[in-house]
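Reader: I have a structure open beside its sequence, and I would like to learn how its features are read. Could we go through them one at a time?

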Amino acid sequence: MTRIAIGSGMMRGNDSRRDSPNDLWTPGAVTMPPEKNHQESLEEARSLLAGSAGTVSFSGAGLSAESGIATFRDAQTGLWARFDPMTLASAEGFARDPGLVTEWYRDRRRAIARAAPNPAHRALAAREEIEHITQNIDDLLLRAGADPARIVSLHGTMTRDRCHRHCGYEEEVDMRDPPGVRPCPQCGEELRPSVVWFGEMLPAEAWEKADWLCRSCEVLLVIGTSAVVYPAAALISVAHDAGAKIIVVNTQSSDASALADVEIIGRAGEIVPKLLQSPPGRGRA
Ligand code: APR
């Protein structure tokens with residue numbers, strides 16, 4: 001398994017949008033395709049989901065955007081448009097200045113604690129048979145009521161701290177009043193958020209389950225991810241190559257677009273409920 005990194009782009013070759021702070025897309029603005037195509041895509045996606053015996057969701061920061069959690073690569077509002085990822089989300093950055101990194105995560109933790117799940121989280125959670133793979137480190141899917149046993153958190157979670165040396169110590173943190181820098185009570189190394197930083201390995205168990213889910217699902221519902229961070233983004237190809245239908249929901253085209261059987265351009269909070277909720281008097285979508 002490879003370490004977490006920005007990918008070389010699995011599909012769109014020379015994509016000038018990738019990580020570009022000059023991205024012309026304005027957050028919140030959605031370029032809507034012609035109404036008929038949009039409606040047809042929705043119907044097609046609903047029909048794929050209705051016929052699927054095994055649906056897996058694969059989400060990124062766009063899933064939580066309407067809950068007020070900043071994405072990473074959206075122009076202006078994206079975290080990596082304003083902050084340096086290698087300073088704030090790498091072991092090297094933490095070694096240089098643990099106080100700075102911890103303070104930054106304290107702010108993000110408070111923001112997550114203030115946020116509430118949006119209609120997309122709730123629609124996903126309400127479909128108990130769906131398995132979820134998420135790159136998100138917030139707990140909004142869980143707070144929406146999804147079964148923890150059905151959530152694979154590929155990039156870890158903000159709700160826990162762990163020993164930076166990996167001695168095995170972990171503890172839950174109070175997201176409303178997050179702790180500052182402090183030593184691991186077991187080995188004395190510093191504690192840090194239990195998340196995967198650039199250059200670090202994904203948790204083996206999470207990766208193996210995600211890989212297996214993608215190899216065995218019938219439909220992969222890809223929501224709100226730029227699909228440029230590996231190895232997570234490779235899971236879309238894994239599902240595609242194993243014969244799954246790929247549905248992509250995003251406010252703009254992304255590196256997942258080329259693998260999509262159906263792509264729906266729109267906000268997750270609006271589109272996902274339409275895909276997953278049954279119309280009155282009918283069976284499940
Ligand atoms: N609905 C649907 N999609 C949205 C919405 C929305 N309301 N708002 C934004 N998006 C889309 C954007 O168009 C973009 O393609 O969500 C995507 C977010 O992409 P990124 O910011 O790159 O987030 P993500 O794909 O989750 O990043 C992957 O990068 O730095 C790391 O570890 C971090 O897990 C993260 C990883």
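Author: Let us begin with contact: two residues are in contact if their C-beta atoms, placed from the backbone, lie within 7 Å. Before we use the idea, please note that this is a predicted model, in which local features need pLDDT of at least 70, side-chain atom pairs count only at pLDDT 80 or more, and totals for chains, interfaces and linings use all residues. Residues are numbered from 1 along each chain as its sequence is written.

Reader: Which residues does Ser-52 touch, not counting residues up to four places away in sequence?

Author: Ser-52 touches Glu-218 and Val-219. The C-alpha atoms of Ser-52 and Ala-244 are separated by 9.5 Å, although these two residues stand 192 residues apart along the chain. In the chain, 67% of the contacts with a separation of 6 or more are between residues 24 or more positions apart.

Reader: Why does Ser-52 count as partly exposed?

Author: A residue is buried if 20 or more other C-beta atoms, placed from the backbone, lie within 10 Å of its own, exposed if 12 or fewer, and partly exposed in between. Ser-52 counts as partly exposed because it has 19 C-beta neighbours inside 10 Å. Of the 285 residues in the chain, 41% are buried.

Reader: Which residues of helix H7 are buried?

Author: Helix H7, residues 119–126, is mostly covered, with 6 of its 8 residues buried, and these are Ala-120, His-121, Arg-122, Ala-123, Leu-124 and Ala-125. The cover over them includes strand E2 (55–59), helix H2, strand E3 (131–134), helix H8 (140–143), strand E8 (219–223) and helix H11 (268–276).

Reader: How does one describe the packing of two helices, for example H9 and H10?

Author: One gives an angle and a distance between axes, where the axes are lines fitted to C-alpha atoms, for helices over the stretch in contact, and the angles run from 0 to 180 degrees between N-to-C directions. Helix H9 (residues 204–216) and helix H10 (residues 234–241) pack at an angle of about 35°, with their axes 7 Å apart. Ala-210, Asp-211, Cys-214 and Arg-215 of H9 make the contact with Leu-235, Val-238 and Ala-239 of H10. An α-helix has 3.6 residues a turn, so residues three or four places apart point the same way.

Reader: Which members of the largest nonpolar core touch the most other members?

Author: A nonpolar core is a set of buried Ala, Val, Leu, Ile, Met, Phe, Trp, Tyr and Cys residues joined through C-beta atoms within 7 Å. The largest one has 67 residues, of which Leu-220, Val-222, Ile-236, Ile-246, Ile-247 and Val-272 touch the most other members. Leaving aside neighbours within four places in sequence, Ile-236 is in contact with residues including Phe-58, Leu-220, Val-222 and Ala-227.

Reader: Which residues are closest to the ligand?

Author: A residue is near a molecule if its C-beta atom, placed from the backbone, lies within 6 Å of it. Here 24 residues surround the ligand, and the closest are Gly-60, Gly-62, Phe-72, Gly-224 and Ser-226. Helix H2 (62–65) and strand E10 (245–250) each supply at least two residues of this shell.

Reader: Where is the cis peptide bond?

Author: The cis peptide bond joins Tyr-230 and Pro-231, with omega about 10°, and Pro-231 has its place in the loop between strand E9 (229–230) and H10.

Note on methods: Helices (H or I, at least four residues) and strands (E, at least two) are DSSP runs, numbered from the N terminus.
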